[in-house]
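I am opening my notebook on a new structure. I will write down what I look up, one topic at a time.

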Amino acid sequence: MNVIANVLIVIGTCQGYSLPRGGETNDVEPVSILQERWFKQPLNHFDNSDTRTFQTRYFEDSGHYSNGGPLVLEVGGEGHLDPNVLRLGQSYEFSKEVGGRFLALEHRYYGKSSPFTNLTAENLRYLSVAQTLEDLANFVDTIRKSAPKNCKVVAFGCSYSASLATWFRYKYPHLVDAVWASSAPLRAVSDFYEYLEVAGEVYSNVSGICYNKIRDGYTEIKRRLSTPSGREEVVKALENWSCGDPAEMNNSVILSNIRYVVADHNIPPDHGISSCHIFQNVTNAFQAMILFLKAKSAEVCSEEDTSYPNDEVAWTYQTCTEFGFSITLSSPKQPFHDSLSVIDSDLKSCSTEFGEQFNKELLKKGIDRINRRYASQDIDVTKVLSVHGAQDPWHKLGLYQERNGEAPVIVIPGVSHCADQLSQDGEPPQLVEARGRAKSIVKQWLK
């Protein structure tokens, strides 16, 4: 389930700053392009007798740095870092605006930063939120020791990485002074029924007829898949589907992929209107749904990047041990209402991948521990800016209601997941205004 983005961290710096390599104290000369570098981390931060270490990858671009400007650090989430993509993010834009020095730190076990080549359950035991936050703390603390005392740190994040940024401020307020958290899910949960409710609202807010055709079209596809002849009809209708060859999928995978397309959280502002337009002149629900899937699937389904196979394994492990995040079908307030237990299906995948001990009890302990340690949606922090798109299902697990003036919340109508983190042409005015407001808040916190 590729649902998580990157955390962006901005570290305030001052004149005379130098960045150590691999935890050492030698200076690094400024560079004008993103260069690949390495930082040494303990494998296990919580056992001093374990002296094993590994290298985490990071990139640097100091071409826009000016004396007294901030140091901007993007911390990777549940995927490898791509220097070409890094330049498109809000952190990189922010660094240019404020004369910053840009860094990007890859998350342990992802990309080139895996301690092990063989990701067995035993080797994955050091992949956790607690270990990752210690990686962040170790990296930032090392940097701060070589910088003047008045240097500040502000963390930016998107999705899972925004969760890390928020928790970083919560657990290490002496190391990070402010946070911009975009689309951060803070409540771990096995039964994430709200996801499809919000996804369904994208269509029902445009038209009840549109919503009903999605519901009826999905129901009809499910009915046809229950018989051999009906399955042949579905497979033929979805020939050359962007999400893969349905002839090679079982029925559950076909239906899961359909839900994935309909409920994608990375949608443009006009997605509801453009989608409902497809249904407008087609009365047959099955045909309408097929047209929708053919038109919209290419925007959602793409060829997997097989360069870093550990990325998917690592994220699966985290959902099996700490997060859950099963997008369930139990709520009647969404178009795919079904008695099918998605949680049981996901847990079966966990035990198949990692062993029988990865079961419901283990996941419950992990979820309880995450929510207990980091306070879930009851977290009480200051100088954390939470930004959400109203069309993003993940906002239901985050801070989307303001608790106090020192932890402001911005909910942007008509946009979805992490929309504020990547500037694009043709953005709606409410998104442009919200991003400008967010920048003003963060810059004020840096003073």
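**Entry 1: a pocket**

I start with the second largest pocket, where helix H13 gives the largest share of the lining, five residues. I keep in mind that this is a predicted model. I look up the volume and find about 230 Å³ of space in the second largest pocket.

Next I list the lining. Arg125, Leu127, Ser128, Ala130, Tyr317, Thr321, Glu322, Leu362, Lys365, Gly366, Arg369 and Arg373 line the second largest pocket. Helix H11 (310–323) and H13 are the elements that give two or more residues to this lining. I then sort the lining residues by kind. Four are nonpolar, three are polar and five are charged.

**Entry 2: confidence**

How far do I trust the model? I look up the mean pLDDT of the chain, and it is 88. I also note that 92% of the residues reach 70 or more.

Which element of the chain has the lowest mean pLDDT, and which the highest? Strand S1 (residues 7–11) has the lowest, at 32. Helix H13 (residues 360–374) has the highest, at 98. Where pLDDT is low, the predicted coordinates should not be read in detail.

**Entry 3: salt bridges**

I search the whole structure for salt bridges and get 20. Side chains of opposite charge can pair when their charged atoms come close.

Is glutamate 106 buried or exposed? Glutamate 106 has a relative accessibility of 2%, so I count it as buried. Arginine 57 also comes out buried, because its relative accessibility is 2%.

An α-helix has 3.6 residues a turn, so residues three or four places apart point the same way. Lysine 145 has 68% relative accessibility, so I mark it as exposed. Aspartate 141 has 28%, so I mark it as partly exposed.

I check both residues, and both arginine 435 and glutamate 427 are buried.

**Entry 4: tyrosine 92 and its helix**

I turn to tyrosine 92, which lies in helix H2 (residues 90–97). Is tyrosine 92 buried or exposed? Its relative accessible area is 6%, and the cut-off for buried is under 20%, so tyrosine 92 is buried.

What does tyrosine 92 touch, leaving out residues up to four places away in sequence? I find Asp61, His64, Leu86, Arg87 and Phe102. I also check one distance: the C-alpha atoms of tyrosine 92 and alanine 104 are separated by 9.4 Å, with the two residues twelve apart along the chain.

In H2, Gln90, Ser91, Tyr92, Phe94 and Ser95 are buried. Glycine 99 follows H2, and its phi is positive, near 65 degrees.

**Entry 5: positive phi values**

Most residues other than glycine have a negative phi. I look up two that go the other way.

Serine 376 has a positive phi, near 50 degrees. Serine 376 sits in the loop between H13 and strand S10 (384–389). Its relative accessibility is 11%, so serine 376 counts as buried.

Cysteine 418 is not a glycine either, and its phi is positive, about 55 degrees. I place cysteine 418 in the loop between strand S11 (409–412) and helix H14 (429–446). Cysteine 418 is buried, because its relative accessible area is 8%.

Note on methods: Residues are numbered from 1 along each chain as its sequence is written. This is a predicted model: local features need pLDDT of at least 70, side-chain atom pairs count only at pLDDT 80 or more; totals for chains, interfaces and linings use all residues. Side-chain values use heavy atoms; hydrogens and water are left out. Helices (H or I, at least four residues) and strands (E, at least two) are DSSP runs, numbered from the N terminus. Buried means under 20% relative accessible area, exposed over 50%, partly exposed in between (1.4 Å probe, protein chains only). Contact means heavy atoms within 4.5 Å. pLDDT is the predictor's confidence in each residue, from 0 to 100. A salt bridge is a side-chain nitrogen of Lys or Arg within 4 Å of a carboxyl oxygen of Asp or Glu. On a 1 Å grid over the protein atoms alone, a cavity is a set of points where a 1.4 Å probe fits but cannot get out, and a pocket is an open set with protein on both sides within 12 Å along at least five of seven lines; lining residues have an atom within 4 Å of a point. Grid points are joined across faces, edges and corners, and a volume is the space filled by probe spheres set on the points. Ala, Val, Leu, Ile, Met, Phe, Trp, Tyr, Cys and Pro count as nonpolar, Asp, Glu, Lys and Arg as charged, and the others, Gly among them, as polar.
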